[in-house]
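Q: I have a structure open and want to go through it before setting anything up. Can you take some questions?

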Amino acid sequence: MEDYSQLTPTEQRQRSKEIDAQLRKDQQESLVGKHRKVVILGPGDSGKTTILRQMVLMNQSQFTSEERTSFRESIRERLLMNVRLLLDAILMMEYPKELQPFLVKIQREIEEPEKISQLQASLTLVMENETIKRNYLSMARTTGMDDTFPYFSSKLGQVFDDSYVPSEDDILHTRRPTDQITETILKQRAATFHFFDVPGQKDKRFRWAQYFEVDLNALMYIASSASFDQVLEEDATVNRFIDGVVLFDNVINHPLLLKTNTILMLNKIDLLKEKLERIKFKDYVVNYEGPNQFDKVIRFINKLFVKCNKTADRGMVTHVTTAVDRKLMTKICSSVQYFD
């Protein structure tokens with residue numbers, strides 16, 4: 001055994017670094033040739049597929065030109081859908097009269113494909129109107145507009161240009177609901193990971209149990225931290241945030257998953273911060289009594305989920321993140337690869 005008392009502080013720090021490096025090397029070598037099964041669960045629109053896209057990006061550095069092109073039509077379809085929802089919401093409220101000509105222009109020309117790319121100025125003016133900005137969250141909640149609509153609304157002209165090819169950020173911001181169970185195979189370090197992305201809509205959850213296998217290495221559960229003021233698309237009587245907590249409780253305490261290592265991701269913290277500047281968390285989550293501050297709210301959310309775990313010796317880590325953030329997603333991948 002080494003006698004550290006005989007080493008200088010500098011030598012001790014150097015020796016500590018050498019030990020850490022050796023431990024990392026040993027961990028990597030222990031993965032050689034191994035296959036890891038990870039199932040990704042969570043409610044619909046929590047960001048599961050976006051997180052998987054990030055993992056693909058980190059594995060292959062960039063999307064291929066074919067992959068980029070494949071997203072073009074779905075981006076256009078979602079953008080048009082959200083513009084129409086925005087119009088519906090505005091026309092149901094008392095909106096500033098100066099917006100009338102721009103709304104009429106958008107309403108008329110959005111149905112003419114060759115003119116859509118020319119609507120950018122009108123849409124930007126509407127989105128930046130103070131009355132619209134002040135009421136936007138309420139309108140989005142009522143109509144079900146995508147979280148990412150503000151991102152794409154500023155790119156309408158570009159998206160409908162004939163030469164448009166989606167960027168990596170465009171792809172990461174695209175909502176394309178998962179309808180079928182998909183398997184993505186990625187090689188990280190010396191191991192092969194099999195990620196199963198499972199639909200999160202309420203009527204699709206009955207299919208989850210078939211992936212609760214005894215040889216499952218890890219469970220990734222994705223929950224939106226910003227969904228506290230929303231309801232399920234498929235059931236308007238159920239609060240989306242509460243549904244995520246109840247669902248996590250049911251999943252993590254399932255008899256076949258009691259010993260399964262778990263990665264809990266509290267996603268969309270960027271949207272949570274934005275919402276807390278405009279609405280009160282406790283107005284929607286009645287058992288919260290703290291201040292309307294991000295650090296207090298996210299701590300409460302974390303505790304709410306973590307206390308669902310009834311298995312004391314389960315390997316479990318929690319990440320607070322935004323799915324489109326590359327740096328944070330790199331950190332999450334590191335926590336996945338060493339789970340046995």
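**Helix packing and salt bridges**

Q: Which residues in α11 meet α13?
A: On the α11 side they are F241, G244, V245 and F248, and they meet I301, L304 and F305 of α13. This is a predicted model.

Q: What classes of residue make up that contact of α11 with α13?
A: Six are nonpolar and one is polar, with no charged residues.

Q: At what angle do the axes of α11 and α13 cross?
A: At roughly 35°, and the axes come within 9 Å. Here α11 covers residues 240–252.

Q: And how is the pLDDT for the elements, which has the highest mean?
A: Helix α13, residues 294–306, has the highest mean at 95. The lowest, 55, belongs to helix α1, residues 9–30.

Q: Where is the pLDDT below 50?
A: Residues 1–5 are one such stretch, with four contacts beyond near neighbours in sequence. Residues 26–32 are another, and that stretch has 10 such contacts in the model.

Q: What does the protein chain average?
A: A pLDDT of 83, with 83% of the residues scoring at least 70.

Q: Switching to charges. How many salt bridges are there in the whole structure?
A: A search finds 18. One of them pairs the side chains of R240 and D45, at 3.0 Å from N to O.

Q: Where do R240 and D45 sit in the chain?
A: R240 is in helix α11, while D45 is in the loop between β1 and α2. They are 195 residues apart, so the pair links distant parts of the chain.

Q: Buried or exposed, those two, R240 and D45?
A: Both R240 and D45 are buried.

Q: What about E109, which residue does it form a salt bridge with?
A: With R108, the closest N and O atoms being 3.6 Å apart.

Q: Why does E109 count as buried?
A: Because its relative accessible area is 8%, and buried means under 20%. R108 is at 46%, so R108 counts as partly exposed.

Q: And E112, what does its side chain meet?
A: The side chain of K115, in a salt bridge of 3.3 Å, N to O. E112 is partly exposed at 24% relative accessibility, and K115 is partly exposed at 29%.

Q: Last one, the overall picture. How many helices and strands?
A: The protein chain has 14 helices and six strands. Of its 340 residues, 49% are buried.

How values were computed:
Residues numbered from 1 in each chain as written. Predicted model: local features only at pLDDT ≥ 70, side-chain atom pairs only at ≥ 80, totals over all residues. Heavy atoms only, no water. Helix = DSSP H or I, 4+ residues; strand = E, 2+ residues; numbered from the N terminus. Buried < 20%, exposed > 50% of the residue type's maximum accessible area, 1.4 Å probe, protein only. pLDDT = per-residue confidence, 0-100. Contact = heavy atoms within 4.5 Å. Axes fitted to C-alpha atoms, helices over the stretch in contact; angles between N-to-C directions. Nonpolar A, V, L, I, M, F, W, Y, C, P; charged D, E, K, R; others polar. Salt bridge = Lys/Arg side-chain N within 4 Å of Asp/Glu carboxyl O.
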